[in-house]
Structure formats: C-alpha cells, structure tokens
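Hi everyone, thanks for coming.

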Amino acid sequence: MNAMTPDEIEGAVKRDGQGARAARTGLGLSMRLELAESLRSRWFHFYSVVVVGLMLLLITTGISESRVLGFTGLSRLLVTYIQIAMAVLPLFIVITTARSMVGDREAGNLEYMLAFPVSLPVWYWGRFLARLILVLAPVLLALAIAAVYGLARGHAVPWYHVGLYAGLVGALATAFLGLGFLISALSRSTEVALGASLLIWLVLVALLDLLLLSVLIQERFVPDFVIAIALANPMQSFRTASMILFDPQLILLGPSSYVILDHFGVTGYVAWAMGYPVALGLVLAGLGYWRFSRGDLV
Amino acid sequence: MIAIDRVTKRFDRRAALDELTLAIGAGDRIALIGSNGAGKTTLFRALLGHYRHGGEIRIDGAARARRRDVGLLGRVAFVPQLPPPLRMPVGELLGFAEKGAGASRARMAEIAAALGIDLDEVRGRPFYRLSGGQKQKILVTVALGRDAELMIFDEPAANLDPAARAVFIDLLAARRDASMLIASHRLEEVAPLVNRVIELDRGRVVLDDSVVDRLKEGEFRRAEIVLAAAHAPFAQAIGDWGFEADAAGLRFTGPVPAAETFRFLGLLARYGSLIDRLTLDQDAPRRS
C-alpha cells in the first residue's frame, strides 16, 4: 500500500476515535433501544398488569389477615405471592424472550439494526441486561407495594425476607431469560421458538417436587438422581428456597427436607438458589450468543 | 477499498453466491443488476457481515478480523430492500443513527426536507406506522446523513414516488465522495449515478462494464437524436448537455462524455416515447 498522507492519517485517527466512542456508547444505546422498544410492547404491559395486579388482588382479598401453617401478616402475603409468581414469571419471560430475536430476524429488524456499527456482543448483552431490568421492575414494584401496604396496616415488614425474595426472583428471571435467549438464537422461526419455550417450561413444571416425591416413593430411580433433578431445576430451587425462608425446618416438604438441611443448611441452600440460576442463565445466554454469532445473523 | 475474493454462500446446497470475485474501488459507483435470486441481497449481507460465507472479503488490502467488522460498518451506510417494521419512534431511530453511527442531525434534516418529509411532524410517530414511501425516505435520510465511504442500497427507490425518486437520485449524485453499490431492477433509474454496471446471475458476475475503461479509448461520443415531435422540455434538457437542434426542433446532435454515458441514457429514458431514432457514435473525435 502507498504511504499515507498527513490528511489520511488524521482521517484514520479520527475514524478510530469515532469507532472507540461508538463502542463505549454501544451498550447504553443497545440497552436504551431495547428498554424503549419493550416499554411500548403489549407483552410488557400485560406482564406488568399481571405481576402488579396479582399483588393488588392478594392485598384486596385480605390474605395477609389469614393464618395458614403459622404464616400471617405480610409474610403470608409474600409467601402466597411468590408461589404464584413462580408459575407465572418463568412462562412470561421465556415466551416473550424466545420470540424476540427470532421475531426481529423474521421481520427484517436485525438486518437493518445490525448494519449499524455496534459490536455484536455489546448489542446482544445490552439487550439481555435491558430485558432483565424490564422483567424485574414490575416484580420489585409489587414487592414495594406489599411493603408499603404492610407499613400502612401496621404489620411488621420482614425487610430481610423481602430483600431475599427480590434476589430469588432476580435469580429465577436470569435463568429463564438466559433460556429464552438460547432458544431464540437456536430457532429459525417464531413458531419453533414458542413451541420449544412451552415444552421446556412444561417439563420443568412437571419435574417439581410433587412428581419427584412420587418418583421417590415408587423407588423407580436412585434417590441421588431424583435429588439431582430437583437441584438442577431452577423453578424447584426457587420454590424450596422461598419456603425455607419462612419455614426453616421445611416442614412443608416432609422427609425430603433432611437432604437439603443436612447437605446445605438454610444459608447454603438460599445461596445455591440464588447463585445457581444466575450462573445457569448466564451460561445459557452465553451459549445463545455463541450460536448466534457463529451462524447467519439474518 | 473492498476486495471480494471467491466468496461463496450456499443455502441448502444451492449457491446464492458462487465463488464471486469482485473489487470495489474508492469512487466506484456501481449499479448491481440481475434477476430475482441472482445474489444481490446475499452479496450485501455477506459484505455487512450478516452471513457466514466461504472465500474472503478484504478491506483496504487486509482480511477482516471478524466476519462482522464494526470498523467497516462505521464506513458503510445501508438501506434495505424492505423497510423493517421498527416500533421505535422516528426520532429515536434518528437519535440512534446520530449517536451510534455519527449521522449529522443537520444533514438529516436537510435531506428529509428535500425528500418531502417533515421530521418534526413524524419524529414522535412509530416508524412502522409510516407509509411505505415515508419509511423509505427516513431510511435514505439516515443513510445519507452519515459520513459513509460506501453506500449500499438495495432497491432504494422502490417505494418512492416519482418526485422523491428524482430528488433521491440528485442527492446521491451530489455525494461524489462516497462509493456506491446500488441494486436495482431498473438500470435506467440509477444509470445517471453510476460509472460501473455489474450484472449477477446465479451468484456469479456475468457482466462488469466499466465506463472508466472506455474513457481511455476516447473521451467523447457523438450522439444524434431524432424526435417524433418537437418537445420543449426535452430541447431544454438536451440543451444543457451542449446539443444543437435543427430549425424544426426535431433533430439534436452533440457530444457525450464517455464517463457520463449512463447518465445521458438515463435522461433519454425519461423521453423514450418521443425518440424516433438514436445513434451514439463510439469513434467520435476528441474534443479539444
């Protein structure tokens, strides 16, 4: 190549500077776009109404005044809410996320947006973080509403438990968000992505404690295998950890609780229930990125 | 600037690009023509890094470090064949182009105004709610608002009304600093803009016609046009090229710079129904 003139060098330096600036602003831009795009979408409105509406419904039905298995007040409200959220949250997250990228690919949005000079990892992970914020925001709002309600009614607010619940919800959301990103990266059509999401969600729901307990009773598999399934299912981790917070002896689980309490202890299991789903979600999202970046983008 | 070396892209064993080799130099303004499925869009997607492919694409002599080269994308402006159904408001898209790709706000406002779009009016409207023509105008505005060295346009004027199409052609013609790669089914439409025509067929280059090559043989051609009937607008337009008319205003003769041949033919295409006879003499003497 010919030697560059001073003007060309200046131009090249200017271009490099612009490239670096673009990379710095890329994550923020990508997140902002995804946040704005999702805030306008129907799925987010519906999801927010369901998540916040559920809490308002539980409050108006006076569930905090009832007493079941020793829980009452705000603890009772939170236990009920979190158990229902466990069923709703993963389904919403995995379905809406799985169809997002593949839907954008089908519509031609990816072709256009990825022609801009934003790096692929920055674009992908910016989108991931934005979605995480979006799915957590309504849950945190619902928990905040519960706390305010508790204070107004003169109930003792279990702040420590509220914080741990928020952490557990965040961990569960990360796991299913990662799963959704992986499904979206692997699928070539929205229909396939939706079908796969539903199937995986159903399998995980089916493998919750009730079925596992019956499998254990029937002794069809070695107990270690069944316990491994329970530990690997992020929904089960969430469910057990949310119980353990208000029922440290896990009376609700029966004899199975010995396995958890002997091997983990309360703190250890809560740490597992928070750390494992986050790690799982990040690994799944990472696999999704790996697949996405190595295949045809559009 | 860009060297495409034996690039191959297959879909289910069918080659959309078949060992395609092509060089795009700085200042090249290329019309990419070919029937549906010839490989035009696939070539664009390979260039933009959207597709995995065999072969190699080199930028300024160096192989791309990654398939999707952000440095290259910073130098390329792209308008797709079909406007994407983005839900974001137009203002957000313009802001993204400004912050993420260095588009000039002032220039975008000028270009949009020239294309007949009031940015203040559409700024708050979701992009997907605009009409097909408005979407295309916004995409063209974003592309031309950038300081890109290479413009890639995939059927850019397909949704534009005739007035906007003419403005669009003028805007592109004014961007002499940028190379262009324009896919179009209507060569006559982009002819005034380009200095090179490449035809693809089943993923291969079957024609690479460069006006610059012929420029070496003779700078001018002599053209003679005979009209079926006198037509004042034509006389005025051809007069701008330095043509002389006979007394009846039916026969026009004059020189055509070889490098401007496509632009000249583009002009004639607008008056095609009026033209009775046309000759273009390749052996015209050089003009002093």
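Let's begin with a pair of residues: I59(B) stands opposite A62(B), which belongs to strand 5 of chain B. Before I go on, please keep in mind that this is a predicted model, where local features need pLDDT of at least 70 and side-chain atom pairs count only at pLDDT 80 or more, while totals for chains, interfaces and linings use all residues. Residues are numbered from 1 along each chain as its sequence is written, and chains are lettered from A and ligands numbered from 1 in the order in which they are written.

Back to our strands. Strand 4 of chain B, residues 54-59, runs antiparallel to strand 5 of chain B, and two bridges join them. Strands count as paired if DSSP finds at least two bridges between them. Helices (H or I, at least four residues) and strands (E, at least two) are DSSP runs, numbered from the N terminus.

In chain B, four strands form an open sheet in the order 2-1-4-5, with antiparallel pairing. Which strands stand at the edges? They are strand 2 (14-24) and strand 5 (62-63) of chain B, each with a single partner strand, so one side of each has no neighbour in the sheet.

Helix 1 of chain B, residues 40-48, packs on this sheet and touches strand 1 (2-11), strand 2 and strand 4 of chain B. Touching here means a contact: C-beta atoms, placed from the backbone, within 7 Å. The direction of the helix makes about 65° with that of strand 2 of chain B, with axes fitted as lines to C-alpha atoms, for helices over the stretch in contact, and angles running from 0 to 180 degrees between N-to-C directions.

Is that helix buried or exposed? Nine of the nine residues of helix 1 of chain B are buried, so the rest of the structure largely encloses it. Among them are F44(B) and R45(B). Buried means that 20 or more other C-beta atoms lie within 10 Å of a residue's own; exposed means 12 or fewer, and partly exposed is in between. After helix 1 of chain B comes G49(B), with a positive phi near 85°.

Stepping back, chain B has eleven helices and 14 strands. Of its 288 residues, 40% count as buried.

Finally, the partner: the contact takes 29 residues from chain A and 25 residues from chain B. On the side of chain A that touches chain B, helix 1 of chain A gives the largest share, ten residues.

Terms used:
Contact = placed C-beta atoms within 7 Å.
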